[in-house]
Amino acid sequence: MRARISPHPFTSFSLSEAPRLPLTGSDHPLGREFARWLTWANVLALVVGMTLFLGWVLWSRAKREAPVEHRVRIVRYADLGVPPSISTPSAPQVKVSQAVAPPSIGIPEPVPDEMAQTPTIATVGEMSEALAPITMSDLGLGGGDSLVIDLEGEGGPAPEEFVQVDEEPVRISMDPPVYPEVARSAEVEGTVMVRALVGKDGRVKEVRILQGQPMLNDAAIASAKTAVFRPALQAHRPVEIWVVMPITFRLH
């Protein structure tokens with residue numbers, strides 16, 4: 001059987017009688033199918049979740065409310081026996097399995113008096129004499145029982161070292177500074193700050209410049225060395241200490 005070919009291959013047909021199909025929007029068949037399956041999936045997930053949650057709650061409650069078995073053993077007072085004494089504790093009992101043989105060595109044997117050796121154990125009197133306290137006279141250091149050592153060093157304290165004293169040194173006298181001719185010609189004035197070490201005899205042992213003028217430093221040092229102090233006292237004893245002194249140079 002042969003198919004009959006129409007003489008007009010591009011024949012147009014009218015769509016007025018054809019049904020209207022929504023190809024876009026929420027009325028599309030695929031869109032409606034997706035909404036239906038999504039709704040069923042949400043309902044199923046909610047049901048499964050609630051089922052698991054209720055099962056876990058019931059299982060936890062049943063496990064927590066499970067009865068705990070306690071076993072109690074009742075013993076009569078007569079079966080306990082006599083308790084041990086608290087005031088006089090019993091000594092541990094030592095069981096000897098077999099008899100110990102006596103020692104075969106180190107046993108003293110009687111000998112004649114002429115064969116006996118001289119005892120070497122010191123008596124109480126001899127030990128007390130040997131352990132008598134040693135005095136200074138036994139050491140050849142004099143008849144006294146005390147030894148005095150002078151720990152005071154020859155050097156004085158450092159310039160930055162703090163010395164605690166009961167009485168500060170007081171300056172009694174000091175020669176005025178001699179104005180250098182070079183400084184007088186240059187009309188140089190000012191105050192030189194010096195740090196002096198006052199010895200135990202009240203005289204200055206060392207002088208250092210803290211702040212001043214190069215032209216006036218030597219004259220300030222020479223003037224500071226002539227100062228005489230009443231020495232500082234520490235526990236009623238003179239001590240060396242550093243003091244700071246200003247030496248002023250004025251032309252008029």
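This is a predicted model: local features need pLDDT of at least 70, side-chain atom pairs count only at pLDDT 80 or more; totals for chains, interfaces and linings use all residues.
Reader: What makes up the protein chain?
Author: The protein chain has four helices and seven strands. Along the sequence they follow the pattern α-α-β-α-β-β-α-β-β-β-β.

Reader: How confident is the predictor in the protein chain, by mean pLDDT?
Author: The mean pLDDT is 76. Of the residues, 60% reach 70 or more. Among the elements, helix α2 (residues 124-130) has the lowest mean, 65. Strand β4 (residues 228-230) has the highest, 94. Over residues 141-153 the pLDDT is below 50. Beyond near neighbours in sequence, that stretch has 12 contacts in the model.

Reader: Why is the pair of tyrosine 179 and phenylalanine 249 called edge-to-face?
Author: Start with distance. Ring centres must lie within 6.5 Å to pair. Here the centres are 5.6 Å apart, so the rings pair. Now the angle. Planes over 60 degrees apart count as edge-to-face. These planes stand at 90°, so the pair is edge-to-face. By this rule the count comes to two aromatic pairs.

Reader: What makes this pair a link between distant parts of the chain?
Author: Tyrosine 179 sits in the loop between β1 (170-173) and α3 (181-185). Phenylalanine 249 sits in strand β7 (residues 241-249). They are 70 residues apart. Both are buried.

Reader: Why does serine 223 count as buried?
Author: Buried means under 20% relative accessible area. Serine 223 has 3%, so serine 223 is buried. Serine 223 lies in helix α4. Leaving out residues up to four places away in sequence, serine 223 touches Met174, Asp175, Pro176, Pro177 and Ile247.

Reader: And why is alanine 186 called partly exposed?
Author: The cut-offs are 20% for buried and 50% for exposed. The value for alanine 186 is 44%, which falls in between, so alanine 186 is partly exposed. Alanine 186 belongs to the loop between α3 and β2.

Reader: How much of the protein chain counts as buried?
Author: Of its 252 residues, 15% count as buried. The accessible surface comes to about 22,900 Å². Carbon and sulfur atoms account for 60% of that surface.

Reader: What makes up the largest nonpolar core?
Author: That core has 24 residues. Those with the most contacts inside it are Val194, Leu216, Phe229, Val243, Met245 and Phe249. At least two residues each come from β2 (190-198), β3 (204-211), α4 (217-224) and β7. β7 gives the most, with five residues. In soluble globular proteins, nonpolar side chains tend to be buried together.

Reader: Which residues does valine 194 touch?
Author: Not counting residues up to four places away in sequence, its contacts include Val207, Ile209, Ala220, Val243 and Met245.

Reader: How do you know that β2 and β3 pair?
Author: Two strands pair if DSSP finds at least two bridges between them. β2 and β3 have six bridges, so they pair. The sense is antiparallel. Valine 198 stands opposite valine 204 in β3. Five residues lie between the strands of this hairpin. Glycine 202 takes a positive phi there, near 90°.

Reader: What share of contacts joins residues 24 or more positions apart?
Author: The share is 73%, among contacts in the protein chain with a separation of 6 or more.

How values were computed:
Residues are numbered from 1 along each chain as its sequence is written. Side-chain values use heavy atoms; hydrogens and water are left out. Rings of Phe, Tyr and Trp (its six-membered ring) pair if their centres lie within 6.5 Å; planes under 30 degrees apart count as stacked, over 60 as edge-to-face and the rest as tilted. Buried means under 20% relative accessible area, exposed over 50%, partly exposed in between (1.4 Å probe, protein chains only). A nonpolar core is a set of buried Ala, Val, Leu, Ile, Met, Phe, Trp, Tyr and Cys residues joined through side-chain atoms within 4.5 Å. Contact means heavy atoms within 4.5 Å. Accessible areas come from the Shrake-Rupley method with a 1.4 Å probe; for residues, only the protein chains shown count as cover. pLDDT is the predictor's confidence in each residue, from 0 to 100.
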